[in-house]
Amino acid sequence: MNNKKTVKNLLERPSVVKLIKELDRKKDIGVLKEPNYNFLLKLIKKADTEDEIINICTLGTDYYQTGLKFSPKLEHETDDIHYFKKNKNLSFKQNDLKNNKFVIGDNFHALKNLLITYRNKINVIYIDPPYGCNDMGEGAKEAYGNEHLSREDLLSSLKPRLELAKQLLSNDGIIFCSIDDMNQAYVKCLLDQIFLEKNFIMNINRVLPDGDNSWKISLNHEYCLFYKKNILPDFFVSAGNNEGDMKSRLTKTRNGKKSCIVFKKGTKADFLNKKIFSGIIGGKNEPIEIKGIMKFENGVLQNDVELIAEWSASGVVKKLNNNEIVYDNKGQKYKELRFDKNGKPYVVKYKTVGIFRSSQFWNDDSSFDNIFSDFNKNDRMKLFKNPKPVAFIKSLISLHPKKDSIVLDFYAGSGTTGHAVLELNKEDNGNRKFILCTNNENNIAYNVTYERCKRIMTGKSSNNSKFDWQKNAPLGGSLDVIEIKETSSSDPKSIDKIDETVYELEKFTNINKKIEWVCSNFDITTKELEE
């Protein structure tokens, strides 16, 4: 047990002070009740290490808001460093574009290593975590009559990975998580906790072509939870095509409830000549009362003016006055406020088509079967049973407006996300880059994910025989295949084993600089998850 001096030193560390301040904040806002807060402080004062303090804070506060109760997998230090090593035999380069990446190994270690290069740089994350009985081995046999993944396993596995994913996301980043009907509510609670409920955008209902007809109910859907990290990208506009402007009125005649709204100086009008309005405008049906006068010159309102009416969209006016981005319930973006020739205010919207809706049908396409057309049907089923449709993933990725975005899938499965990125680039001349991560359970990484990427990108199979993908031209692009390796932190050769160019750096010419880089970056990769 630490002596009092050591404990005091621990409590004075800036990171620990920050943790305790966060406990104080949660107590003040009611998330953490005072008796629990006091108990946690007692435990913290008896802790031997900073890691113990972190675990105490985590276990004490994570699940109060959501009601989730499960045993999370905690991190602990190991003597081994997990690092990326490029497989030069499988990697290939076809052009001068930035390389896509395919990481083979435990996605927890993959995410830790990706933080070294991509912290706050990933624009889009899509994941389809395992939630079926055959996806996570023995742990899946514990619940739901041996038919479904144990919820304990699912949530405790997802939590640390989602926390790392949040650190990877850019400020305007978005994340999608596919999940089944059974676990959707619980996974949403977990995502609410990590990404915050205020950043939830929508629950996409993906309709499947077939379903289980037991109990005369067709279970033919699954969900995809959609969150932003912080700043919402202007994705509605990018998702559809703008076809000019459309006018929309701001007043109504319904219940007679009136309110006063301020229209700001500088608001544009549909006329250039000098005009002054006062009293009542808008006619008998939708009257608008002007407090004072409303003066226009050169097509611009010359003074702030208060207008009293039965408004249909007072909130929209206030947000536009504050230069906020606003959409209607069809996802069409409001452009600006204006006044017509009679002095009546209205709002201009972009007329947008092709808007993404929360419930859409994506049938299972045949791309997977086409890519592996030289395998018989039984072999294809053994390779991968339920690949996601390319069209579905493309629709999600296209919601981010940046055509040079970096897209990550750390439960890559058959590699549909990489396929979707390449097809989308071809359609809109984008320069997106994908990063896929998967383990090699049942040899899926090499036999399925890599093989799919190789075929669709180069037009050749992994043995370099010509591959006729249903007359489709290869999608192009380069691929770095990266495997996760381990080395002891005490091994003097560990510095040489880690290749900085895999992390998109130039070769170090000074060994001391490299040692400094390894020591400052790879401490996070020595963490393991307790099973």
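Colour by secondary structure: the protein has 16 helices and 21 strands, taken as DSSP runs (helices H or I, at least four residues; strands E, at least two) numbered from the N terminus. This is a predicted model, in which local features need pLDDT of at least 70 and side-chain atom pairs pLDDT 80 or more, while totals for chains, interfaces and linings use all residues. Residues are numbered from 1 along each chain as its sequence is written, and side-chain values use heavy atoms, without hydrogens or water.

Of the 531 residues, 48% are buried (under 20% relative accessible area; exposed is over 50%, partly exposed in between, with a 1.4 Å probe and protein chains only).

Next, select residues 416-428 and 444-458, helices α13 and α14: their axes, lines fitted to C-alpha atoms over the stretch in contact, lie 9 Å apart at an angle of about 15°. That angle makes α13 roughly parallel to α14 (under 35 degrees between N-to-C directions, on a scale from 0 to 180). Show the side chains of T416, H419 and L422 on α13, and of R452, I456 and M457 on α14; these make the contact (heavy atoms within 4.5 Å).

Now move to residues 511-521, helix α16, and select its buried residues K514, W517 and V518. Looking down the axis of α16, these fall within an arc of 95°, so they line one face of the helix (the arc is taken from the directions from the axis to the C-beta atoms). They pack against α5 (107-118) and α15 (494-497). Finally, turn to the opposite face of α16, where N512, E516 and C519 are exposed.

How values were computed
Angles under 35 degrees count as roughly parallel, over 145 as roughly antiparallel, 65 to 115 as roughly perpendicular and the rest as oblique.
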